[in-house]
Amino acid sequence: MKPITICIALAACFQAVHAHYRWTSLIVNGTTTGAFYYVRQNTNYNSPLTDVTSNDIRCNTGTLASGPTTNVATVIAGSTVGMALDQTIFHIGPLLAYLSKAPSDIHTYDGSGAWFKIAQTGPSFSSGAISWPTQVSQYTFKIPASTPPGLYLLRVEHIAVHSAKTVDGAQFYIACAQIDVRGSGGGAPAPTVSLPGAYSSSDPGILFNDYYPIPTSYTMPGPAVWAG
Ligand SMILES: *[C@@H]1O[C@H](CO)[C@@H](O)[C@H](O)[C@H]1NC(C)=O
Ligand SMILES: [Cu+2]
């Protein structure tokens with residue numbers, strides 16, 4: 001948020017003006033772990049994604065390369081986990097969380113398999129006003145108790161919709177942690193989606209005008225939540 005007087009390129013301008021929030025740390029067993037210890041580090045700093053058709057919509061830019069050096073957290077199914085940010089979210093928009101099971105090695109899994117949603121938090125509405133779960137520095141939720149045991153990418157996302165009234169104006173802030181889910185399993189996660197594929201730039205929750213007329217509803221992007 002430092003004032004800048006000269007902008008050589010628009011992208012440089014943006015980075016200087018917008019010190020954006022990043023998902024950095026897995027929360028597990030009540031502890032916020034170190035930055036990029038269990039979370040794959042991205043290479044686009046704090047810039048958001050805007051292209052829902054890119055493979056980067058899985059886990060953010062450059063994260064496949066950081067998988068091998070990222071640790072794997074053991075997580076008990078049914079327990080609360082989450083992800084913390086390096087700074088408070090200041091844009092409006094929903095919070096979402098997904099899982100995708102790695103076919104074999106989690107460190108090299110590219111996220112091309114099936115994803116299912118395990119949590120989401122949208123806006124609330126009262127007296128003609130819409131209010132968002134913003135001004136938070138972390139997002140916590142449960143790993144469903146019947147999640148089949150195995151190695152998963154845990155994808156956490158904030159979709160900023162402050163500029164989303166034009167196509168590709170929504171901003172996706174994403175990160176993936178590498179987790180090893182333990183438990184008795186027994187569940188069949190559904191519905192599943194692909195990424196890219198789960199979102200379209202014209203989805204009502206992605207191409208969205210928050211300002212006028214003031215919305216009275218919001219359609220969460222992506223599939224229904226699997227409760228486990
Ligand atoms: C969380 O707690 C479980 C149960 O005690 C343990 O097996 C697991 O290793 C812990 N995970 C982390 C990342 O500390
Ligand atoms: Cu911004």
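**Close-up views of a predicted model**

**View 1. Strands β4 and β9 in the sheet.** Strands β4 and β9 run antiparallel and are joined by five bridges, as seen in this predicted model. In general, the strands of a sheet pair through backbone hydrogen bonds, either parallel or antiparallel.

View 2. Around ligand 1 are the residues Val28, Asn29, Tyr38, Ala73, Thr74 and Ile76, and the protein buries 51% of the 360 Å² that the ligand exposes when taken alone. Strand β3 (residues 73-76) gives the most to this shell, contributing three residues. Sorted by class, the shell holds four nonpolar and two polar residues, but no charged ones. A polar side-chain atom of Asn29 lies 2.3 Å from an oxygen atom of ligand 1, while a polar backbone atom of Thr74 is 2.9 Å from a nitrogen atom of ligand 1.

**View 3. The copper ion, ligand 2.** The copper ion is coordinated by the NE2 atoms of His20 and His91, at 2.1 to 2.2 Å. These two residues link distant parts of the chain, being 71 residues apart: His20 sits in the loop between α1 (10-17) and β1 (23-28), whereas His91 sits in the loop between β4 (80-85) and β5 (95-101). Both His20 and His91 are buried.

Technical notes. Residues are numbered from 1 along each chain as its sequence is written. Chains are lettered from A and ligands numbered from 1 in the order in which they are written. This is a predicted model: local features need pLDDT of at least 70, side-chain atom pairs count only at pLDDT 80 or more; totals for chains, interfaces and linings use all residues. Side-chain values use heavy atoms; hydrogens and water are left out. A residue is near a molecule or strand if one of its heavy atoms lies within 4 Å of it. A polar contact is a pair of N or O atoms within 3.5 Å; within protein, one must be able to donate a hydrogen and the other to accept it, and residues adjacent in sequence count only if both atoms are side-chain atoms. Accessible areas come from the Shrake-Rupley method with a 1.4 Å probe; for residues, only the protein chains shown count as cover. Helices (H or I, at least four residues) and strands (E, at least two) are DSSP runs, numbered from the N terminus. Ala, Val, Leu, Ile, Met, Phe, Trp, Tyr, Cys and Pro count as nonpolar, Asp, Glu, Lys and Arg as charged, and the others, Gly among them, as polar. Donors are N, O and S atoms within 2.8 Å of the metal (3.2 Å for Na, K and Ca); water is not among the atoms, so sites may look incomplete. Buried means under 20% relative accessible area, exposed over 50%, partly exposed in between (1.4 Å probe, protein chains only). Two strands pair if DSSP finds at least two bridges between them.
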